[in-house]
Amino acid sequence: MKLFIFFFCSVNLFPSLFTVQASTLEVTEAKEMAGGLYSISRRLSIYEGDPHYNENKGISGIYGSTLVYPKAPLIHPYHPQNGERINDGVANVPLQVHFPTSIRNALPDSIRRELELNHVTNDCLKILAVGQNFPWERGTVVCFRPQYATEPSGTELSYNKVRQLRLGLFNSEENRVFFTGHQPNELINIGLSAHPTSNADQRTILSGNQPEIQGLAPDRGTSFWSYVGYRDDQDLNKYKAIVTLHWLLSDGQETALSEIIRRLPAKPTEADLKNLVTTLGTNPTLLNEGEHIQKLLPVWNALERVEKEARKKKPQLVAQKAKAAADQKAAVQRAADQKAAVQRATEQKAAIQRATEQKAAIQRAAVQRATEQKAAIQRAAVQRATEQKAAEQKAAIQRATEQKAADQKAAIQRAAVQRAAAQKAKAVAAQKAKAVAAQKARAVAAQKAKAVAAQKAKAVAAQKAKAVAAQKARAVAAQKAKAVAAQKAKAVAAQKAKAVAAQKAKAVAAQKKKVEAARQKRAQQIAGKRGK
């Protein structure tokens, strides 16, 4: 109840920093996406940041028209729609706020120290708040995605940028929220990117070793602050920071907040905005679960202090503004007077310049006329001399031409006589050459006939010698054949005689053997008889 009374009083002191101007509020109407596969809830964007916040207005081009996310740090899985539970895994972001940098002293101590350590000036600081739901299955690991804010110019296609970032999660309920592998309220350094896919569509997506978040409680809602620091090499290498209050809404809180925003008119007034804040502060779902309102109160108090200081300084500011206006008017008048004096001096100087130029022009014209007259006389004299010289040159050329023609004619006649004599001498020489050639031909023919006769005689002699040699060869061959035949006959006779002798010897041996056998038989018979 104490929290409710405190917030209600704060709402009654509604800071005029939140005033409805053309650029202050933006309502993005709800719509169906991907043929009704999922929907985007109505979103209220409160833009009260300084001029350098303007680049973070509107919808991010990253992931194209698929997600329709604002240009603020968000959380979702590495693949945005993985592990979907409702709404095809697309988070609803019904509320985002740009706070003026004048409330920086209301930020958590750890974040203020980091801002001072890096000398972050107000024109390099953005303070945001964003409310989103958790449409993924419980237990789905989600990542911190600051690139929606660090790359506000990220286009739907072919955008490519890598940044070295310093990140931290702070001031969560009981310090339960932290990056995987790190401690609560710890700052880490990491490189993250936005780049086109390797597919043909070149759609811009997020990448890098995205830091995972632990300790979220999507069933009751979770609030925490995030810090993003980086050097912007696209803006003179300035050190910039984006600080965001995150409302991770439970399903009930998302429904309640979306319903509150749904009831706003398309063009809210300041009264509508005050009523919105009152409704937020008294909604039991937002009050009793999580620390959404509790985290918002220091910011709201800071807005009130800034507003009170602005009201105190208002008379002085009005006087200063009036004095500044008067000084500006006087300065403008002095500038006008100085301009008029300069104009008059310029006109006088121009008149003198024109008179001087006119006199100089008259003098130049007279000199020009005299120069032209003298030049004309000189040209006439030169013309006459040129014409006389040309006539003399023409007569000389004529005489030379005639002389050359006479010389050429004589030369032609001499050449004709010489050609006739040459032709005659040539004919005589040709006749002599013809006679000599005929004589040579006859001699050559006689030599050829003689050579042919000698060749024929040689051939006949060779043929006769060849015939004699053949005859001799045949006689020799016949003799050789006869000798071979005699030798063969002799060998056959010897062989036959040898065979006869062998046969005779064999018969004699057989006869001897037979006689010996008969002798032995008789001896045996005689020996037998003697034994008896």
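How far apart are the end C-alpha atoms over residues 335-403, and what percentage of the chain there is helix and strand? This is a predicted model, in which local features need pLDDT of at least 70 and side-chain atom pairs count only at pLDDT 80 or more, while totals for chains, interfaces and linings use all residues. Residues are numbered from 1 along each chain as its sequence is written, and side-chain values use heavy atoms, with hydrogens and water left out.

**View 1. Residues 335-403, with the UniProt annotation "coiled-coil region".** Over residues 335-403 the chain is 100% helix and 0% strand, and the end C-alpha atoms lie 92 Å apart. The annotation comes from an unreviewed UniProt entry, and such annotations may be inferred rather than shown by experiment. Helices (H or I, at least four residues) and strands (E, at least two) are DSSP runs, numbered from the N terminus.

**View 2. Pairing of strands E9, E11 and E12.** Strand E9 (residues 161-170) pairs with strand E11 (residues 188-196) in the antiparallel sense over seven bridges, where two strands count as paired if DSSP finds at least two bridges between them. Within this pairing, Arg166 has Asn189 of E11 as its bridge partner. E11 also pairs in the antiparallel sense with strand E12 (residues 204-208), over five bridges, and here Thr204 of E12 is the bridge partner of Pro196.

**View 3. The open sheet E5-E8-E13-E10.** Four strands form this open sheet, in the order given, with antiparallel pairing. Strand E5 (74-76) and strand E10 (178-179) stand at the edges with a single partner strand each, so one side of each is left without a neighbour in the sheet. Between E5 and strand E8 (residues 142-145) there are three bridges in the antiparallel sense, and Leu74 stands opposite Arg145 in E8.

View 4. Ile242 counts as buried at 2% relative accessibility, buried meaning under 20% relative accessible area (1.4 Å probe, protein chains only). Although Ile242 and Leu125 are 117 residues apart along the chain, their C-alpha atoms are separated by 6.0 Å. Not counting residues up to four places away in sequence, Ile242 touches residues including Pro73, Lys126, Tyr227 and Tyr230, contact meaning heavy atoms within 4.5 Å.

**View 5. Helix H5 (residues 270-282).** At 1.5 Å a residue, the 13 residues of H5 should span 18 Å, and the end C-alpha atoms are 19 Å apart, which agrees; the expected span is 1.5 Å times one less than the number of residues. Among the buried residues of H5 are Leu273, Leu276 and Leu280.

Note on methods:
Buried means under 20% relative accessible area, exposed over 50%, partly exposed in between (1.4 Å probe, protein chains only).
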